[in-house]
Every structure is written in structure tokens, then in C-alpha cells.
Amino acid sequence: AAAPGPPPHKSIFVTSFNQFKKALTYEKICKKVWPNRDRVLVLIDEVDDFLDRDKLVFNICSNKANAFAKPTLERYLATAKAAYAGEPPPEDRETKNPAYWRALHGKFRGVHAEVQDASRSLNKSFGVFTEATLRHCATNLAQDLEGYRSLIARPYESVNRAMPGSYYSDVERTIYLTYYCLLEDTAKYDALFQQERKFLSFEYFSEHVADAGVEYDDLVYGHEPLSALVKAHPAAKAGLVQFLYEIVLRRMEVRDRARSVNSVDVVLNFDCVGFTGTPFIDNYPTVDYVRDRRADAIPDLIDRRCYAHANENLDDGAFEARFRTFQGVNADVKVRYASSSFVCAGADERSVLKALLTRGGGADAMDDGAPACNVLVDLCGVFKRSSIAEVRDALVEARGAAATRYVYHVDPVDGADRILDVATGTDVPFDEEFYAYLARTRGAKLGSEIFFFVDNRNVIGKDVPFQLVYERAFGEPLFIEAAVLAHDVDDFSKIWQAMGRSRTMARTTFTIYSAKAEDGGAARDVVAWPLTRELYVANCDAKIAGNLSSIYQTIVALVNLRNESFYYGDEIVNDFLLRLDRTLPRRVDALVASLNRDVFAPGSRPAHLLANILAAKLRVASAPDARGAAATPALACALVDELVRQKFEVRDATGDAKDALVSFLSGDETAGREREISYTKQQQKQKQKQQNKNQDADTMEAWDRRHQLPLHFECDDYYGYAKDAANDRAKALLALPIPKEIFRLSYELGGKRRVVRVFPTVQFLYSHHARPEYVDDEVKTLVGRGERMTADGVHDFFHAKIGDADDGTDDDDPRPGNLEALDARVEVNRVRQNPSYSLIGIRRGVYVIGTKDQLTVHDLAAHPLGRDARYAADEHGFVLHDRDPGTRKLDAFGPYCVEHYVLMDALSKHEVARNVLDYYCRRKDALQRCLDTYGGAAGAGFVCWRFVMMDASRARVLGGGRASPMEEEDFTGPYMSPD
């Protein structure tokens, strides 16, 4: 019998391409979808966003804590400080990789110059974060203040999920921007400083801050914000910046693993139908082209008759004809260009806004009698910090209270349309009911009485409602005169989209403020302006040429096609770490060899596809060396090698035609620089209030059945069980310790390599602090056995599984010389960064971790291991339980044992842990004496260490550097007995 043909209709329709790409990173879904991909139809909303060279990738990754040693943090600080001051890179003869630090200094200088040019002059109050300076972010955090704050507090969020080898490596870029913002925008760190100020040691204060005139107690125990402190005591700024800088860098996460699906994967494998907002997209072979094994030129995905390229040298008539094709129904759009120099001259946002509103639609600038603008589209983000009340105040100040009745704006929290009454300050939803009221009461005057404020968060994908309804009712446009503040934005697609917020473009007059424009001239047809042609042609060239991100993702998609997979697991995840330890070139060599094997294997289909893709790009190249190259498989193979090395910044110029080709395909020919950009439209638009401590986690793994731990039991009266702790089965099950380590580290002390193992409770696995891959068949078996045991049985079973070895004794008296001598190494880690937890110490090297407040003194009585618990503490170092509170020894197992702080430093990166370890290594005897004389009335654990270390430091500092034991003892006695 003949094989059945394909089904007459598609069985699966996909409408959310970001969710679709996310699903395709899940291995089980991939295996099911791959043989049935011809039954899937993808409906794409706005193809230009879907295939935009800057938004191709959806990447799922998981993060891990960094392992920067203190000397590394100090070198980052010194390098950032030198780059900021314009000084040469600091010399460090002890570093093993001086070339890395010299190159990093050059990158920091490049970032600094970019920030100065692109942002500081624009918006001094907001700082460095504009679209231009955040192009490497995983999410466009420049969109709002909350996102900005989350970037400052947790800089690992800016790690570009998709492109591990970027022009300015993302982690390194963030490392410098963190330092830059600490100096330039100190107020953004007020909240972080308030959290961490109590950990500032007296010794650090004496060395870095004391000469500034601020009192130690005011600094540590006060409530004055960091910004106010540095304003009142400018000499303290450098020391406080250094204090916070190391804290932020120590808590910065780096990626652990990553897998990505990009839009090219979707186009190569699925039938796609969609429409485009602006027809500027790159060209790719469709699934039909791939399925039919065609070898001819790749057909255009869209009608490209509107494209105009620089190498065509079109005359004015030919260019106008193509531009009219692009315009479609939006013909005869009236535009005037004006200089945006007033943006740089403004002292703050309000003065810039007032200057723009005073200029109106051009009455002052061009003197053509145009009415004042009633629409402002902030395309470059100058007013991203301005509240709508501040916009209203500036509007009233510039035009008077009677000129405007209402201000339209978009709620920054939920994206809802809203109207602010200028006179009363009432802010209401701009819905059908309220529009009907306005239309009924204000009539045709409504257009002149509303000022529409559209900031850059809402340029893409947001339409102002009721424009067409108003035009049909009153015969007038709601948008009368629109001002588009483009300034340094020279992407014609974005400018046209900003103009497109008007649904009546042909009846709206636009004033485009640009740094490239000069004042003068009345509004006329947009095609008549030379600047329009310049921007339009550059846009056509840039979209076809692509950039380093898009060409690399195209290569990756072809590799996936060859391997029958939708996703790609990055082989190089943290290129900056590889560069730091000088292994990056070797890893790149291996990656190039792997890509060449997959793409250019004998008879490989991807090799011909790549050659045809390159041919379509090279036809529009402006440089003769690039335009004249023949896109053969041999050239494609050579370019893969060069492009991958360029991507990871290990390529050396060859001095031949390859340089021109790499420059063109990297976007350098049209954009003026080689840079990689990757963030999705969904990420760009979403609100960045980050509550999850690990936003970049691979959440798909949590839904993998392999990593699920379903537990259940039946009872006739749950509340009756809960009244008796001994019979509360739910609580007992959640408290069950699992005898398989979730975290293990080793450290050197006293000439021995000691091992610390941490075992979780069942409840800890249900928190978001545990990595899902910890739950495997072994864990499920262990939990299943423990579930059926009594408390005594659980106790014996746990100890039998973990063994009886005890590493070290309380009689040891080790003397490490410095923190590096401890040589702490994390060997197993299935705990996420910065967890909230409670922890009990069973014996040296053995700990049980639970959720916050799970393992307190009140819970230990009923816990299976409660009889063994020597102490309990939380992630901050607070002692929740201490079996022997009268003994405080640094080398004796307990809440003050150095091992506890080695573990705490690795798990929670808490500053108190690092301070304790530092004192232990350098002034152990003095620290122990202070601990012995401490009365305990001020508290235990973390509170205790605040007093102990502060007074130990005072003894040392006031004793002239290193005080004698007698001086320390005499000095600390009164301070250590507050009770």
C-alpha cells in the first residue's frame, strides 16, 4: 500500500513564538516535535521583530556563584579605577595573566568612552543606562527605574543569555559599569549600603574612611543614606565605593549552562505565516526550500522592491519610487527635522522637556507657524525617569495651565492606558467609557486638549487607542503635531515605528529631533529630506548585512539542522573566565573544528545553505572586496573559522579580503562598530521588578518528571495530626533529612584537606533554592525509604549512609597565613546563589540544610537528628540554637568554628563570613581573646561578631598597627563585657 500523505491541515498552531522557542529547549519536547514538525504551523506576529538581527535568540540558562579570589577582585577594582581616571593599567607582577588585564583595561576604556558619548551628556540624573549602553543585556533594563535598580543590586542579571562572547564581554562590561555607577550614580546604591553597612569593619574604616571626618558609629549604625554621606564627606566616597564594589562582585553570578533556540531554527524547520510592521528583515531559506533540497538562490521572504542600497547609487526618482513602495497607504507624510542639541545642553530632564515643549512643533525653531505639539514620543529614553506628574508640571510651566486639560500616559506597572487631569491631578483609565465621556463633553476640541506622552518603553508594540474612532466621528486626527525625540537613534525602523504610534500618519505633522539634523525648513514630504534617504539606505544595508550575533546564530541553526535538534547547548559558556585562565583560544579551536565537522561534512546540506545565505548578503555590500567575493562552500568554511574567532575576540587580522568580509558580516561596515546584541521583544517589554533571586534559571527543568518529587499520604483529620508535633506526618516528612549531599566543599587547614558535606531536608527541595537536577532516582529511593521509617530509624539510616568519619579534632591549632591558604573549593553544588536557609551542625564536616526557620530550637525536639544537633544558624550567621553556649572556640566545632564560616562564605557570600575568615587568618589569637571575654548580652552569632571584630580592630589600630597581646587584652576587656 502507498504510504499515507501529509495531513490536509496543520494539527498544531503556535502563536507565542517566545514561549514556543522556550519549549523547544526542553529535550523531551524536541524529541516529540522533530518527527512531526511538518504538522506545525507557526503564526508570527510582526516578522520584523521575530527575525530582527538583534532579537534572534531565546536562551535558557542556569547560573552559578562565581569563584573570584580576593586578589582577582582587587585587580578588577584597580583596573576599573585606572580606566575611569584615564590612567594606564596598573602593573602587577604577581598576576599570572598580565595580557588579560591589559586587554581588560582597554575594554573598560572603550566602555567608558561609549558611556560618555552616548549617555552622560543626555541624562546626567539617570546615569549611563540608555539603549546604546545596554545592548548586551539579557533584558533591556534601560526601560525603567526598577530594572535599573535590579541591575545595580544584582549585576549578573545583565549577563547576555545568548551571546557568551560579545564585543565587550558582558560580565566584564557589567563589572566596569558597576564601578562607574557607584561613582556617578551613588544614590542607586542607597538600599544596598543600608543592608551592608553593619558589616563594615573598624579596621577597614580606619584604613580607608577614617580621614574623611565621619564617625565609625554613625557610618555603621546610622541611617543616613550613602548618597548623603558621600555628599557630606566627599573624602569617604572612594573607600565606601570600594567596600560596596567587592560585595557586589562577590555576589555576581555567572552562567553554569545554557541552551538556546533562535528564530532561524524555527524558519528552517516549520511552516510559518506572519505579517511585518516594517519590512526590514534579513533573508533566510524557508522550510520548503530546505525540504526540497533546492540549490538555487534563496527566495525573498518578503517583497523587497522597497529596498534601496548604497551600492546601487539610485537617482532621486528611483529612490522615491522605492520609498513610496515602502510607505504604502501612509503616503504624503509631512515631516520636519530639527536639531536635538538642546538635549545635551539641558541641566536635567525637566529642563530638556521644557525646552522641547517651548519649541513646540517648530514654531520657534523653524518659524513656520506650526501649532505646538500635542504628542511626544521619547525614542531615546531621555525622560525614562520622569513621572507623569513631573511631565504635567513641565507642561504647565512651558505652556500655562489652560493650554492642556489632560495628559495621556501608560502605566509603567501594567502597561494600561491612563489619562491625568491637569487641573485636579486625577489619574483614571483611558477606556471606552472615559473616552465616550470625553467625546461627548469636549467634542472636536478633544485633540487639542490632550497631550500624549509616550516614553520609550511603549514605542514598540503599543498603540494609543481611539484614534480612528475619533477621526471618523469628528473628521480630525487625534494626533495633530507629533514630536519624535530621536537624538542619537539613527535606526530608521525605530523612527518610523515611533511615527507609527499615530494611526493617522498622513494627517499628522511630525518633527523629528535628531543629532544629525539642523534647524530650519518647513514641514514637507518625508521623502524630500536628504536625511530621510541617508537613514533609510543605511537601514536597508544594515538589516541585510546583519551583525556578528545574527551570522553566528545562523551557523548555529545550520548545526542544529544537521544534528536534528532545535536547541544548541553552548560549548563555551563563560568566555571571560576562559580568557582569564588563558584557555579560551584552545576552546575556540575545538569549537571551530566541531562546527566545521557539522556544517561542512561531505555531502552536507548546511554547507550549501550557508553559501547561499552569504551570497544574498554579499550582493548588497558596499566594500568592493566584500561585494566581489564568490560565496562558495570553501569561502563559507573559511568564514566560519574567522567569524567564530571574531565572536570570541581571539581573531587576528589577516590583511586580506577576509578582513573586509568579517567586517561586513559583523555589522562594522554599516554600524561603525562590531557589537553583538541579543534580547527578545518580550524581555524588552516586560516589567523588571525582580523578586526571584535566580531569574535566569532553567525553569523547564523544574517540570521535568525526572526532577519531580511527588509525595502524598492520607489522613482522616489533618488538623488533628498537626496539633501533636510527634504525629504531624506532613511536618515529619518535610523535615526528613536526605543522606545524599547537595553541597560539598573542601578546604585546607592545619596541613589537612578537610571536607564539608551538606545534606538537605525534603522541604528544602521544594524551595527555589535547590537545583532541580539534585532530585534523581537515588534521592527518590532514599526519601521513599525514609518516609516509612520511625524517627529513630531515620536517625540510624542517615548516619549509616553518610559514614562516621570525622575530619579534624577540637585540639587542632592551625595557623593559615591568609585567606588564599584556606584554598576553599566547591566540589558539588546543587544550591542556587544567595539562598535563604537554616542549618544545623551535626559534627565537623556534616551539616543539614533546611528552609528559612525550619530548623530552629523549637523544631529540633521532634526532628530525627535533633539529638545530634550541636547548633543551628541561618544564612546571616544568627545562632538559632547552641547546645554549649558557654564555649566559644574558633577551632572547636560549634557556631563560632571557622568551618562554619568557610561554609557560610561559600553558600551565602555574606560579608560577615569573609570578615571572620580574614581575622582568623591574620589575627587569630586576638580574635579568640575577644571572643573569650565577650559576655553575650549583645547577642550571639552575627551580632556577637560585630562587637568582637570591631573591638579587635580598634585594639590593633589604636595600638599603632599591630598591638601587643597585653595591649589588646587590656583594651578589649571593658568593651567585651557590656553586661
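The axes of helix H24 (residues 548–562) and helix H26 (residues 584–599) come within 9 Å of each other and cross at roughly 55°. The model you are looking at is predicted, so local features need pLDDT of at least 70 and side-chain atom pairs count only at pLDDT 80 or more, while totals for chains, interfaces and linings use all residues. Residues are numbered from 1 along each chain as its sequence is written, and side-chain values use heavy atoms, with hydrogens and water left out.

Helices (H or I, at least four residues) and strands (E, at least two) are DSSP runs, numbered from the N terminus. Axes are lines fitted to C-alpha atoms, for helices over the stretch in contact, and angles run from 0 to 180 degrees between N-to-C directions.

**The helix pairs**

Two packed helices are described by the angle between their axes and the distance between the axes. H24 and H26 are therefore oblique to each other; angles under 35 degrees count as roughly parallel, over 145 as roughly antiparallel, 65 to 115 as roughly perpendicular and the rest as oblique. H24 passes H26 in a left-handed crossing, a label used if the near helix is turned anticlockwise from the far one by less than a right angle, with right-handed used if clockwise. On the H24 side, the contact (heavy atoms within 4.5 Å) is made by Tyr552, Ile555, Val559 and Arg562, and on the H26 side by Leu591, Leu595, Asp598 and Val599. These residues divide into six nonpolar, no polar and two charged. Here Ala, Val, Leu, Ile, Met, Phe, Trp, Tyr, Cys and Pro count as nonpolar, Asp, Glu, Lys and Arg as charged, and the others, Gly among them, as polar.

Now turn to helix H15 (residues 316–327) and helix H23 (residues 530–545), whose axes come within 12 Å and cross at roughly 65°. That angle makes H15 roughly perpendicular to H23, and their crossing is left-handed. From H15, Asp316, Phe319, Arg322, Phe323 and Phe326 meet Thr532, Arg533, Tyr536 and Val537 in H23. This contact brings together five nonpolar residues, one polar and three charged.

**The sheet around E20**

Strands of a sheet pair through backbone hydrogen bonds, either parallel or antiparallel. In this chain, an open sheet of seven strands has the order E18-E16-E17-E20-E19-E21-E22, with mixed pairing; two strands pair if DSSP finds at least two bridges between them. Strand E18 (825–829) and strand E22 (879–882) stand at the edges with a single partner strand each, so one side of each has no neighbour in the sheet. From one strand to the next, the twist averages 20°.

| Strand paired with E20 | Direction | Bridges | A bridge pair |
|---|---|---|---|
| E17 (residues 752–760) | parallel | four | Arg757 with Val846 |

Leu839 has a bridge partner in E20 too, namely Ile849. E19 and E20 form a hairpin with two residues between them, and Gly845 in the turn has a positive phi of about 90°.

Ala607 is placed in helix H27 (residues 605–618). Ala607 counts as buried because its relative accessibility is 7%. Leaving aside neighbours within four places in sequence, Ala607 is in contact with Val599 and Phe600. Ala607 and Thr632 are 25 residues apart in sequence, yet their C-alpha atoms are 9.1 Å apart in space.

His910 sits in the loop between helix H40 (898–908) and helix H41 (911–922). With 6% relative accessibility, His910 counts as buried. Not counting residues up to four places away in sequence, His910 touches Phe199, Arg250, Arg251, Glu875, His876, Met904 and Asp905.

**The whole chain**

Stepping back, the chain holds 44 helices and 22 strands. Of its 979 residues, 58% count as buried. Among contacts between residues at least 6 apart in sequence, 74% join residues at least 24 apart.

Conventions. Buried < 20%, exposed > 50% of the residue type's maximum accessible area, 1.4 Å probe, protein only.
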